[in-house]
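Colleague: I am new to this structure. Can we walk through it together, one question at a time?

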Amino acid sequence: MKWSVLVPEKLDEVALELIRNDKDFELINLEDSSVDKLKDAITNCDALIVRSKTQVNKELIDAGKKLQIIGRAGVGTDNIDLAYAEKKGILVVNAPEESLDSVADLTIGLILTLCRKLHVAFERTRNGNFHRKDLLGYELRGMTIGLIGCGRIGRKVAKRAQAFGLKVIAYDPYISPKLLESEGIELISFNNLLKSADIISLHLPLNENTYHMISTSEFARMKKGVYFINTSRAEIVDTPALIAALEEGRLAGVGLDVVEEESKENPLLKYSNVVISPHIGASTYGAQRNVGLIIVQEVMNVLRGHPPRYPVNFPKLPSEARELYIPFRDLLTNLASILISLTETSFNKITIRYPENLPRPLLSILTRTFLSVFLRTIVSGDEINVINSQKIAEERGIQIIESITSDKSFQNVIEAKIQMNGEVLNAITGQITADQKLIVTKINQYDIKFETTGHLFLIEFLDRPGMIGAICSFLGENSINIAELQVARLLHLGTQLMALKVDDPVKPEVVAKLRKLKDINWVQYYPKFA
Ligand code: NAD
């Protein structure tokens with residue numbers, strides 16, 4: 001069985017070759033296809049990789065009956081119905097980091113253009129005019145650049161700016177001052193940045209806090225003669241306020257890769273000290289190639305069962321958490337399978353207790369993993385998986401609580417509890433041992449230790465003489481060889497729990513017969529743990 005990947009747009013050839021040359025994958029590469037053709041082609045595909053042209057709407061998602069992942073070769077996902085993909089449990093990934101250097105390069109390009117009046121100079125010489133008297137510019141060395149937002153692109157701009165001899169200051173309330181300090185960037189207040197920078201460059205995201213964040217009062221606080229650059233998002237700047245600042249002569253030059261109005265009518269076009277590029281920050285051959293390669297590798301890795309690096313509709317897994325993810329995912333999957341088999345009545349709360357040593361962003365992913373297994377047997381209809389499990393649980397009115405304990409004995413231990421109106425229905429605790437074994441250490445009140453491997457029985461029975469013998473004889477009579485056996489007892493309840501592993505799969509009719517043995521409360525059989 002091969003995974004089919006549909007690429008309905010132009011993607012770098014080197015990236016496509018990666019799919020073609022892998023025996024586990026089949027590439028369906030279509031360009032300029034009609035919507036109907038696309039819907040047809042996607043029917044049996046496991047993955048879809050698009051750039052910005054293909055409209056990945058409900059219709060197309062529904063047509064992808066086997067679709068597991070949508071890759072966006074680039075950053076923006078405006079052309080993908082993310083909410084619907086999430087609802088259907090389809091992972092959306094993008095390649096957000098591959099164009100960062102290109103945007104940083106362009107930022108420096110805009111700064112150099114303005115400081116050296118290159119746009120005027122080029123236009124003039126094209127007309128055969130070599131007059132240069134009014135083209136005196138500024139050298140960058142010694143100037144101060146103020147970065148508003150100092151994340152991935154901001155820091156790349158800083159590095160380049162430092163090479164030009166610029167002093168770099170930044171305003172970013174959410175970044176670690178230590179990190180910036182180690183890179184020679186001085187973190188200062190918003191007001192001080194506005195007042196002291198010779199060049200101001202925006203590198204922050206657009207959201208409700210940053211919409212029109214640079215407006216009349218901010219321009220008024222800038223130094224007279226400042227250069228103003230925006231390669232981030234147009235709506236962060238209030239355009240009428242920018243025009244007023246230009247009219248007032250406060251700004252020596254403005255360089256924009258993003259504008260609120262992409263048309264001939266844009267009033268900014270008439271200013272000779274304003275240069276505008278048509279949103280080409282990421283438009284380089286290098287960025288396009290990397291974006292293609294990264295998204296193809298990401299899609300192939302995810303289909304092979306690895307965690308996503310750049311998920312859009314799923315919490316991002318930090319690099320330090322990647323190694324931990326797989327064993328904890330497997331432990332939670334096993335705990336969830338056992339716990340759901342014991343839960344026969346309705347519940348409205350699930351509590352998962354994590355050890356303090358797990359990175360916080362991992363918790364949400366692990367909780368979703370748990371829910372996806374736990375709810376699978378209860379939820380009908382839509383497939384449930386790690387993408388949509390939390391949403392489905394919330395829709396069903398199930399409260400999910402993640403708690404963290406600093407208890408030393410809780411290292412690499414996870415406890416999950418199911419409750420109804422405050423009463424605990426069932427609980428299970430599991431652990432990853434030093435040699436990476438996945439074990440259960442407690443089920444409800446039973447302190448019972450067993451590894452979650454192989455063909456496993458859990459059997460609760462009355463604590464009376466002959467019961468263990470009766471169960472073992474029954475299995476022997478049915479030619480079932482016992483591999484391992486552990487028992488725990490609850491004296492106050494007069495019951496025992498047995499965890500019993502057998503060598504081979506057991507037929508359902510034998511399990512049914514075992515359930516009928518005298519004084520057995522319940523039997524659960526797990527055909528095969530990983
Ligand atoms: P990033 O998330 O790595 O960094 C953004 C930084 O902004 C973060 O450090 C964050 O703490 C900071 N920030 C958030 N809110 C802030 C606020 N109110 N004030 C100050 N700082 C704030 O993002 P990035 O990849 O560096 O991208 C930066 C911008 O560049 C984004 O707007 C992105 O859309 C844009 N971008 C443009 C192009 C292009 O073609 N021109 C291409 C890629 C990205």
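Colleague: Is Ser 272 buried or exposed?

Modeller: The model is predicted, so some ground rules come first: local features need pLDDT of at least 70, side-chain atom pairs count only at pLDDT 80 or more, and totals for chains, interfaces and linings use all residues. Residues are numbered from 1 along each chain as its sequence is written, and side-chain values use heavy atoms, with hydrogens and water left out. Buried means under 20% relative accessible area, exposed means over 50%, and partly exposed lies in between (1.4 Å probe, protein chains only). Ser 272 has 60% relative accessibility, so its class is exposed.

Colleague: Where is Ser 272 found?

Modeller: Helices (H or I, at least four residues) and strands (E, at least two) are DSSP runs, numbered from the N terminus. Ser 272 is in the loop between strand E11 (251–256) and strand E12 (274–276).

Colleague: How many Å apart in space are Ser 272 and Ile 153?

Modeller: In sequence, 119 residues separate Ser 272 and Ile 153. From C-alpha to C-alpha, the distance is 27 Å.

Colleague: Which residues come nearest to the ligand?

Modeller: A residue is near a molecule if one of its heavy atoms lies within 4 Å of it. There are 24 residues around the ligand. Those that come nearest are Arg 152, Ile 153, Asp 172, Leu 204 and Asp 257.

Colleague: Which helices each supply at least two residues of the shell around the ligand?

Modeller: By class, the shell has twelve nonpolar, eight polar and four charged residues. Here Ala, Val, Leu, Ile, Met, Phe, Trp, Tyr, Cys and Pro count as nonpolar, Asp, Glu, Lys and Arg as charged, and the others, Gly among them, as polar. The helices asked for are H5 (100–115) and H7 (152–163).

Colleague: What share of the ligand does the protein bury?

Modeller: An oxygen atom of the ligand is 2.7 Å from a polar backbone atom of Leu 204. A polar side-chain atom of Asp 172 lies 2.6 Å from an oxygen atom of the ligand. Taken alone, the ligand exposes 870 Å² (Shrake-Rupley method, 1.4 Å probe), and the share buried by the protein is 84%.

Colleague: Is Thr 433 buried or exposed?

Modeller: Thr 433 is in the loop between strand E16 (423–432) and strand E17 (438–443). A polar atom of its side chain lies 2.8 Å from the backbone nitrogen of Lys 437. The relative accessible area of Thr 433 is 17%, so its class is buried.

Colleague: Which side chain does Gln 496 join in a polar contact?

Modeller: A polar contact is a pair of N or O atoms within 3.5 Å; within protein, one must be able to donate a hydrogen and the other to accept it, and residues adjacent in sequence count only if both atoms are side-chain atoms. Gln 496 lies in strand E21 (residues 495–502). Gln 496 is buried, with a relative accessible area of 10%. At 2.5 Å, its side-chain partner is Asp 463.

Colleague: What is the relative accessibility of Glu 17?

Modeller: Glu 17 is in helix H1 (residues 13–20). Its side chain makes a polar contact of 2.6 Å with the side chain of Arg 20. Glu 17 counts as partly exposed because its relative accessibility is 32%.

Colleague: What is the phi of Asn 444?

Modeller: Most residues other than glycine have a negative phi. Asn 444 lies in the loop between E17 and strand E18 (450–451). Asn 444 is partly exposed, with a relative accessible area of 30%. Its phi is positive, near 50°.

Colleague: What is the phi of Asp 519?

Modeller: Asp 519 lies in the loop between helix H17 (508–515) and strand E22 (520–529). Asp 519 is partly exposed, with a relative accessible area of 22%. Although Asp 519 is not a glycine, its phi is positive, at about 65°.

Colleague: How many Å separate the C-alpha atoms of Ala 252 and Cys 115?

Modeller: Ala 252 is found in strand E11. Ala 252 counts as partly exposed, at 30% relative accessibility. Ala 252 and Cys 115 are 137 residues apart along the chain, and their C-alpha atoms are separated by 8.7 Å.
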